[in-house]
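User: I'd like to go through this structure with you, one topic at a time. Here it is.

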Amino acid sequence: MESDNGFFGRFGGKYVAEVLRRPLDELEAAFKKYMQDKDFLSELDEIRRDYIGRETPLYYAPTATKLLGGAQIYIKLEGLANTGAHKINNAIGQCLLAKKMGKTRIIAETGAGQHGVATAAACAKLGLECIVYMGEVDVRRQQPNVASMELYGAKVVPVTSGSRTLKDAVNEAMRDWAAHPDTTHYCLGSALGPAPFPDIVREFQSVIGQEVKKQAAERNLDVEALIACCGGGSNSIGFFSPFIDEKKPRLIAVEAGGIGPNAGENASRMTGNASREGIMQGYKSRFLLDDDGQALPTRSISAGLDYCGIGPQLAELGSTGRIEFCSALDKEALEAVKFFAKNEGILFAMESAHAGAEAIKLAPKLTKDKAIIINMSGRGDKDIFITCPVFRPAEWKKFLIAELERLNASKDIHDANLMNDH
Ligand SMILES: *Cc1c(COP(=O)(O)O)cnc(C)c1O
């Protein structure tokens, strides 16, 4: 389960510049030490309970089950975690660890802004300085998340190099870390990057799977499959983690199928036509690369799945077959959002809806005595700027225009600018 010296089979490793070796080694030693430390673990437990709101419920979905006519559908409501998604599990874990290590400054990379928001919230809670690197293009596209990060007191630094998106933000964060290793911890957002990050992120996210294992046993469920969406792989590997060494249940990871199977149309690192093995940003895994080994543009309706790399442990478990990979198209994910909202009163994040879409396909093929569990990694409130233009395009446009006119005419915003800065 744990890596073998940073490797999962032939994937993983620590392909970094010499200056990053020391901070990575220091982090690994501290992680090993504190994961055995009773005080650290009990403080983490308390924060999980009182701040994050754990444990999150395992919800039986009666109407979805009836309509699909096969296996019982259960949903792990990870979207009920404070800040709205699973990312806070990792952010709190890493920031608490960094604090114990005596670090005062946390840096993070973010693409869509979800990991930035989780890290900013964790830093506000724990009293740490927070700097978030974000591609300039993403800063422009993701203003609501930028505003949240600033509310939590973080400084958002727009990155203007390269394609000005996530991969450039990662490079910038690595550069910062190499320059300030004594004061600073780099809080990486998914189960990827150089060792020991894939192990650390999996362990902090494995609280999802541990709770599910207990919750499923309490109800005597005959679980046929666990289904999770898969971007970098943190919610899926955390959800699957306690089951990996067992033969059952089936573990199904759903990638972003975008609009089709070809290069540039999706973010399917395991199942897409452009999937290659390679080394990027410090680790060996599967990536979407062109013939020259350069990262290809990716495409997905869900910002959180829109990345060209996947965690090394997922790549390995995909190659051994323990984790089955498939994909859901943008339009299937949108249908899944509608299906669970209307029939269960549960609004999936676009990312999580990819797992929902696979459950809709799988459930009817199974018998009624079996259960499948979907990890709803996040809730969909954050996605109104994506879903509304699709579901109600004309009305949404009119709304935005009217909002803009209202803001231009209003003097309230100017007054708000005069608010004292505490
Ligand atoms: C970021 C995000 C994901 C994808 O990241 P993983 O590391 O693959 O879990 C999935 N769901 C939500 C809600 C997210 O914010």
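User: Which residues does F40 touch, not counting residues up to four places away in sequence?

Analyst: F40 touches Y34, M35, G93, L96, L97, K100 and F204, where contact means heavy atoms within 4.5 Å. This is a predicted model, in which local features need pLDDT of at least 70 and side-chain atom pairs count only at pLDDT 80 or more, while totals for chains, interfaces and linings use all residues. Residues are numbered from 1 along each chain as its sequence is written, and side-chain values use heavy atoms, with hydrogens and water left out.

User: Where is F40 found, and is F40 buried or exposed?

Analyst: F40 is found in helix α2, residues 38-52, helices being DSSP runs of H or I with at least four residues and strands runs of E with at least two, numbered from the N terminus. At 1% relative accessibility F40 counts as buried; buried means under 20% relative accessible area, exposed over 50%, and partly exposed in between, with a 1.4 Å probe and protein chains only.

User: Switching to the ligand, how many residues surround it?

Analyst: The ligand is surrounded by 17 residues, the closest being K87, S190, G231, S234 and S377, and a residue counts as near if one of its heavy atoms lies within 4 Å. This shell divides into four nonpolar, eleven polar and two charged residues, with Ala, Val, Leu, Ile, Met, Phe, Trp, Tyr, Cys and Pro taken as nonpolar, Asp, Glu, Lys and Arg as charged, and the others, Gly among them, as polar.

User: What lies 2.7 Å from an oxygen atom of the ligand?

Analyst: A polar side-chain atom of S234 lies at that distance, and a polar backbone atom of G231 is also 2.7 Å from a ligand oxygen. For S377, an N or O atom in the side chain is 2.7 Å from a nitrogen atom of the ligand. Taken alone the ligand exposes 380 Å², of which the protein buries 97%, with accessible areas from the Shrake-Rupley method and a 1.4 Å probe.

User: How many disulfides does the structure hold?

Analyst: The structure holds zero disulfides, a disulfide being a pair of cysteine sulfur atoms within 2.5 Å. For C229, the nearest cysteine sulfur is that of C230, 7.6 Å away, and C229 is buried, with a relative accessible area of 1%.

User: And what about C326, buried or exposed?

Analyst: C326 counts as buried at 18% relative accessibility, and C326 is in no disulfide either, since the nearest cysteine sulfur, that of C230, is 10 Å away.

Definitions and conventions. A polar contact is a pair of N or O atoms within 3.5 Å; within protein, one must be able to donate a hydrogen and the other to accept it, and residues adjacent in sequence count only if both atoms are side-chain atoms.
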